[in-house]
Amino acid sequence: MRNVPFFNYPHLFKSHEEDFVRIFKDIGNRGAYILQKDLRDFEENLAKFAGTKYAVGLANGTDAIWIALMAAGIGQGDEVIFASHTYIATAASIHFVGAKPIAADCREDHMLDPKSVRKLITSKTRAILPTQVNGRCCDMDEIMKIAREFDLVVLEDAAQGLGAKFKGNGVGTFDKGGTISFYPAKNLGSFGDAGGFVTNDKDMYEKVMLYRDHGRNDDGVFVMWGFNSRLDNLQAAILDFKLSFYSSEIDRRREIAQMYQDRLGHLPQLHLPPAPNSNPDYFDVYQNYEVEAERRDELKQYLKDNGVGTLIQWSGQPVHSITSLGFSGTGLPYTERMFERCLMIPMNTALTNEDVAYVSDLIIKFYSK
Ligand SMILES: *Cc1c(COP(=O)(O)O)cnc(C)c1O
């Protein structure tokens, strides 16, 4: 039996151990911990990679969302439409700026459904907050069309989407910007909590920069209320190093997605994510490989018994099902059906081709029984 963990955390360090130790020594010897050159370098390289004019390092991906919402002027009395198929952090950020989170349905590709968004618009709607989930970008043509029609702000929760593109444009480029997470298991993972914001909007950039460092400008003058959500310089140095080969990691993820597609695409019991080259409008970076599966719980157990780790995203709860937080619990049929069937199988750069073949063969064997 092979052991294929869902995510191999030690691999994160071991994959480039010597480089990480070198970086740590360098930072330590320079005593460069907060708001130093390594952070500025990373921000410059992150903006370059994202294809945006600006990038800001922040303490984590959740801070990034609510800081960006505040910077966009969203607050008390506003409604913000988001996809129920997202992490609670998306909705919580809307809640904590004083606005009301309105959950929308997703489509077959598991992305925010523009048709559902349209139905939820009221006179209070101020913004759409699509999640670029599982390393795929939403249909931003449709979402921007709605935004223009109703004069709404669009902010992207791109925690899972760094590098994903729609019609050649990367996440964060469509309107007010995109928020990124560098949580260890994210595509570009750090050694702890870390996040960022990418944007082409100068006003958003300047406000986010102020919020993250106590409202203090470059001259040390306090020009507005702010707090501390700075990205540690050490994390920035590590991320800057990892960003230098991030493209090749995306290539590897796409290769693994294609292998799953080739091996499992014929199974009628599975609904796979779109294959890497199946639609030229999309460039996916496969943060996750989330399938819909018949007899999902049995399959999960079977894989576990055979050494393979899987995960049901977000504890198996779409946000709108969390009634303790005031959500209705119903009304989003695709999302509800999907959460009875969804399962994420291993997708990360620690996987060998043999691991992918092993996982695939097990799934084939499970459905042949
Ligand atoms: C990971 C994640 C976040 C939160 O990021 P943190 O860095 O853990 O705060 C927000 N939204 C989505 C969709 C995520 O996947």
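Visitor: What is the strand order in the open sheet of 3 strands?

Guide: This is a predicted model in which local features need pLDDT of at least 70, side-chain atom pairs count only at pLDDT 80 or more, and totals for chains, interfaces and linings use all residues. Residues are numbered from 1 along each chain as its sequence is written, and side-chain values use heavy atoms, with hydrogens and water left out. Strands are DSSP runs (E, at least two residues) and helices likewise (H or I, at least four), numbered from the N terminus; two strands pair if DSSP finds at least two bridges between them. With antiparallel pairing, the order is β11-β13-β14.

Visitor: Which residue of β13 is the bridge partner of H271?

Guide: β11 (270-271) is an edge strand that pairs on one side only. Its antiparallel pairing with β13 (residues 289-293) runs over 2 bridges. In β13, the partner of H271 is E292.

Visitor: Why is one side of β1 and of β6 left without a neighbour in the sheet?

Guide: The open sheet of 4 strands has mixed pairing and the order β1-β10-β9-β6. Because β1 (54-58) and β6 (156-157) stand at the edges, each has a single partner strand.

Visitor: Which residue in β10 stands opposite L58?

Guide: β1 and β10 (residues 195-199) pair in the antiparallel sense over 5 bridges. Opposite L58 stands G195.

Visitor: Which helix supplies the largest share of the shell around the ligand?

Guide: By class, the shell has 6 nonpolar, 8 polar and 2 charged residues, where Ala, Val, Leu, Ile, Met, Phe, Trp, Tyr, Cys and Pro count as nonpolar, Asp, Glu, Lys and Arg as charged, and the others, Gly among them, as polar. Both α4 (61-71) and α5 (88-96) supply at least two shell residues. The largest share, 3 residues, comes from α4.
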